[in-house]
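Opening the notebook on a new model today.

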Amino acid sequence: MTTSFILNGKKVEVTAESDAILLWTLRERLHLTGTKYGCGISQCGACTIHLDGNPVKACIMPLSAVEGKEVTTIEGLSHNNSHPLQKSWISEQVPQCGYCHSGQIMQAAALLKKNPKPNRDEIIKHMNPVLCRCGTYTRIMKAIEKTIQNS
Amino acid sequence: MENELKENTISRRKFLKRSGGLTFLVAGIGIPAFVWKKEESAENNVQISAWVHLSTDGTVTIYNPAAEMGQGTMTALPAIIAEEMDADWSKVKIEHSPVEPKIYGIPWGGGGRGGSMLTVGSRSVSGHFENLRQSGAQVRFVLMSNVAEKWGVNIDELETQPGMVIHPKTGKKISYGEIASFAKFPEEIPEIPTNKLKKVSEFRLIGKDFQRYDIPEKVNGSAIYSIDIQVPNMVYGMINRSPVNGTKPELNNEAELRKIPGVIEIVNLDYGIGFIANSIEAAQQAKYTADINWKGQTKADNHNSQSAYKEYETLAESGNSGSMVASSGDFSREIPNTRKVIQADYKNDYVYHAQMEPLNAVAWVKDGEAEVWAGTQGTDGARSAIANHLGIDFKAVNLHPCYLGGGFGRRSMNDFVLEAVDLSKAVNLPVKLIWTRTDDIQFGAFRPISLQRLEAGIDASGQIKAWKHVVVGTGGGLLGSGADIPFYDIPNKHIEVRNIDHGVRTKHWRAVGHGPNKFAIETFVDEIAIDQKTDPLELRRQLMKNHPRELKVLETVAKMSDWGGKIPQGRARGIGFAERSDSLAAGVCEISLDRKSGKIKVHKIWCALDAGIVVHPDNAKAQVEGSLVMGLSSVMLESITFENGEVQQNNFHDYPILRMEDAPERIDIEIIPSIERPTGIGEAGLPFMGAIVSNAFASLTGKRLRHMPFTPEKVLELLG
């Protein structure tokens with residue numbers, strides 16, 4: 001089965017079995033490994049990508065469901081870490097093991113696109129689906145708030 | 001930014017073949033002095049490898065010997081070398097070192113060279129500090145002696161600035177890169193005397209603010225974990241493992257599974273069945289379709305974790321004695337002489353590591369050789385284990401260390417690495433083995449369950465004269481850490497561990513026994529204070545009065561949090577103290593309670609830390625923040641239960657870990673300035689978390705939480 005979609009601004013065609021999952025297609029068929037596997041059941045958010053601008057979990061998304069749509073992964077978010085959130089993530093020294101932060105940043109980027117000035121409660125509600133075992137939540141909050149202040 | 005097959009981790013051969021510049025090489029164990037040779041000539045010497053590579057353009061490449069699992073070794077350890085060699089930090093590049101324990105390992109006591117490369121127990125900075133300073137200072141010495149010879153001046157007239165040797169008398173300067181182009185190589189470099197190393201006041205990097213090296217690649221998806229490795233012709237493996245530890249598999253539908261498109265091979269393992277396929281989806285389909293009988297009677301069969309506490313109570317009451325952790329005076333003799341005896345039991349369920357990257361490895365077993373990519377806390381141990389498993393030489397195993405998406409102790413085991421090796425061997429192809437999250441939980445190795453019986457005898461003046469702590473649980477040696485309380489002066493102490501083997505897998509989990517033990521100890525101290533109508537801070541002050549360093553940590557957190565000051569209505573605070581990996585930490589938290597739902601909210605945490613010299617303060621704070629939050633998660637939410645030997649939890653929906661909504665609104669950390677040797681930081685904030693929440697809850701409600709985790713159900717039951 002061939003699926004065509006826009007990936008990080010470029011048209012791609014992928015031929016795979018009909019049960020192919022978007023996460024494994026991005027990672028293993030297209031070698032875009034920035035999007036992570038964490039739970040496989042949409043509970044941890046490590047695999048968060050943008051589908052037509054909305055944050056979705058790639059681990060439960062069939063490849064066939066993105067036919068004709070726009071997919072953005074962490075690799076397509078910016079060039080040279082130039083997205084304001086990436087800059088804040090660096091200046092606030094947010095990541096530790098780093099594994100969840102593609103998902104964290106993609107989740108946060110989707111929020112700021114829709115709502116450039118969210119308050120703290122809105123940020124918490126929006127970011128709650130993405131788990132961080134290293135416990136970087138307070139720095140994630142600082143980085144998002146700093147991005148909002150700087151914008 | 002596609003992840004093509006590339007040298008994301010440097011292979012040993014390539015490492016030695018690098019062209020241009022100088023590599024500082026260190027000889028193997030037993031030879032204290034550095035030997036520095038042209039790298040070309042090092043090709044034949046298998047015992048030799050390097051710490052620092054200096055290019056003629058001034059780039060300094062420093063090799064990190066420890067696993068980077070989030071704790072920041074990739075930055076802190078090279079910074080120690082860079083400090084003493086006076087490198088220009090902006091020109092430093094950092095790479096994983098090769099897996100050569102004779103060169104990059106450290107002895108258990110730390111301080112020397114050669115030993116294990118195991119990254120555990122918060123020992124990376126404390127264990128490597130002295131030898132990395134020495135190595136850095138030796139590099140600086142060689143650079144300076146070359147310049148002294150070239151300029152015809154005495155080496156004592158030379159000084160360094162970052163990346164530069166200078167001659168103050170004449171004002172001449174030369175960059176390290178330029179030196180690399182002409183430097184000659186002495187056969188041996190002397191050990192630099194300790195008094196010639198930099199003084200703490202002279203540090204330019206250590207103790208200062210600088211950024212972590214690994215963060216830029218962790219915000220754009222380019223950091224490489226083993227799960228990201230791509231090898232040509234790679235296939236995928238998944239495994240069904242025994243649900244009850246020790247049972248053996250019997251596959252009933254192999255023919256059916258082999259018909260699944262993409263399935264390449266089915267492999268019988270001792271405790272599971274492996275499925276190899278040309279895609280993850282196909283391997284997963286085989287895994288989920290497999291019909292397996294699990295055979296054999298095992299010890300774990302009868303284990304029911306929630307009823308195990310009854311067994312522990314019986315054992316705690318019995319006259320049996322286990323292994324002593326510490327003892328002084330005579331508890332049994334003194335206890336009848338005390339005015340009042342206080343006793344309490346504390347419990348903690350099993351907890352799971354829940355590192356965000358599920359276990360995985362890529363292995364490629366070839367003819368008499370193996371190439372393996374793994375995120376492991378024990379690179380050299382994994383390399384040895386692979387060699388032994390395959391019956392090949394250590395040198396025939398090329399292990400590429402990758403970033404770890406969390407370790408917390410689980411990645412100090414080699415089970416997942418050897419599984420990948422077994423699957424690759426079965427098909428002679430590179431195999432990426434992935435554990436599902438459910439595999440990772442159900443075949444987990446947990447921080448053990450335990451019951452802690454505390455007993456204290458108080459005399460007429462309110463002094464604690466006798467103290468007994470019996471830890472009863474499973475997991476043997478994992479139970480005792482942190483049970484001793486050398487900083488509390490109590491004349492008669494009896495601290496003991498009694499173990500029951502349930503036949504289930506247990507393992508070190510961040511801070512090991514300190515989490516449960518400090519919960520029990522620091523909660524019990526609070527209970528004594530309440531009974532004696534003493535402020536819990538004041539009681540600890542008395543107990544610690546002869547331990548000024550510990551006392552200072554306690555006083556610092558009291559001051560930071562304005563202990564005893566005004567607290568918003570509906571809130572309360574708890575205090576606690578703990579040592580871990582020789583670091584000292586004290587914490588205060590402020591909580592509120594939703595009495596309808598039973599949910600406790602931790603609003604703020606204050607923490608004071610004495611960790612000796614702190615190499616990288618901002619990252620040290622990040623580690624404390626992380627250990628407080630991970631500790632809070634375990635205290636509030638986390639519980640693995642067994643029924644008839646089977647783990648009952650499957651994924652994050654029934655094993656919740658802390659989310660942003662439950663994170664503290666504010667965490668304040670103060671690091672106490674020190675010139676003492678560095679101690680471990682990665683776990684120091686975790687152990688007291690259970691106690692400070694329980695203590696705050698008692699202050700708020702008058703009721704005592706004595707069984708972790710403090711779920712809303714338990715809270716509601718306690719409140720009645």
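Predicted model: local features only at pLDDT ≥ 70, side-chain atom pairs only at ≥ 80, totals over all residues.

**Cavities**

I searched the whole structure and got seven cavities of 30 Å³ or more. The largest cavity holds about 70 Å³ of space.

Sorted by class, the lining has 10 nonpolar and six polar residues, with no charged ones.

**Helices**

I went to H3(A) first, which covers residues 101-114. With 14 residues at 1.5 Å each, H3(A) should span 20 Å, and I get 20 Å between its end C-alpha atoms, which agrees.

Is H3(A) enclosed or open to the outside? I find 12 of its 14 residues buried, so H3(A) is largely enclosed by the rest of the structure. My cut-off for buried was under 20% relative accessible area. The buried residues run from His101(A), Ser102(A), Gly103(A) and Gln104(A) through Ile105(A), Met106(A), Gln107(A) and Ala108(A) to Ala109(A), Ala110(A), Leu111(A) and Leu112(A).

Then I looked up H3(B), residues 73-85. Its 13 residues reach 18 Å from first C-alpha to last, close to the 18 Å expected at 1.5 Å a residue. For burial I get 13 of 13, so H3(B) is also largely enclosed by the rest of the structure.

**Strands**

How do E13(B) and E20(B) run relative to E21(B), parallel or antiparallel? E13(B), residues 323-328, is joined to E21(B) by five bridges and the two run antiparallel. On that side I noted Met324(B) opposite Glu496(B). E20(B), residues 464-473, pairs with E21(B) in the parallel sense over eight bridges. There I noted Ala466(B) opposite Asn492(B).

A reminder to myself for reading sheets: in a regular strand the side chains alternate between the two faces of the sheet.

I also checked E10(B) (residues 263-269) against E11(B) (residues 272-277), and found six bridges with the strands antiparallel. A hairpin connects E10(B) to E11(B) through two residues. Within this pair, Val267(B) has Gly274(B) as its bridge partner.

**Loop residues**

Lys596(B) sits in the loop between E23 (583-594) and E24 (599-610) of chain B. I get a relative accessible area of 78% for Lys596(B), so I filed it as exposed. I also checked Lys596(B) against Pro712(B): they are 116 residues apart along the chain, with 9.4 Å between their C-alpha atoms.

Ser226(B) is in the loop between H7 (215-218) and E8 (235-241) of chain B. Is Ser226(B) buried or exposed? At 0% relative accessibility it counts as buried. From Ser226(B) to Lys173(B) I get 44 Å between C-alpha atoms, for 53 residues along the chain.

I found a cis peptide bond between Met708(B) and Pro709(B), with omega about 0°. Pro709(B) is in the loop between E28 (707-708) and H20 (712-719) of chain B.

Then I took two positive phi values in residues other than glycine.

- Asn8(A) has phi near 50°. I placed Asn8(A) in the loop between E1 (2-7) and E2 (10-15) of chain A. At a relative accessible area of 25%, Asn8(A) is partly exposed.
- Lys533(B) has phi near 55°. I placed Lys533(B) in the loop between H15 (514-531) and H16 (536-543) of chain B. At 79% relative accessibility, Lys533(B) counts as exposed.

Technical notes: Residues numbered from 1 in each chain as written. Chains lettered and ligands numbered in written order. Heavy atoms only, no water. Helix = DSSP H or I, 4+ residues; strand = E, 2+ residues; numbered from the N terminus. Expected span 1.5 Å × (residues − 1). Buried < 20%, exposed > 50% of the residue type's maximum accessible area, 1.4 Å probe, protein only. 1 Å grid on protein atoms, 1.4 Å probe; cavity = no way out; pocket = protein on both sides within 12 Å on 5 of 7 lines; lining within 4 Å. Points joined across faces, edges and corners; volume = space filled by probe spheres on them. Nonpolar A, V, L, I, M, F, W, Y, C, P; charged D, E, K, R; others polar. Pairing = 2+ DSSP bridges.
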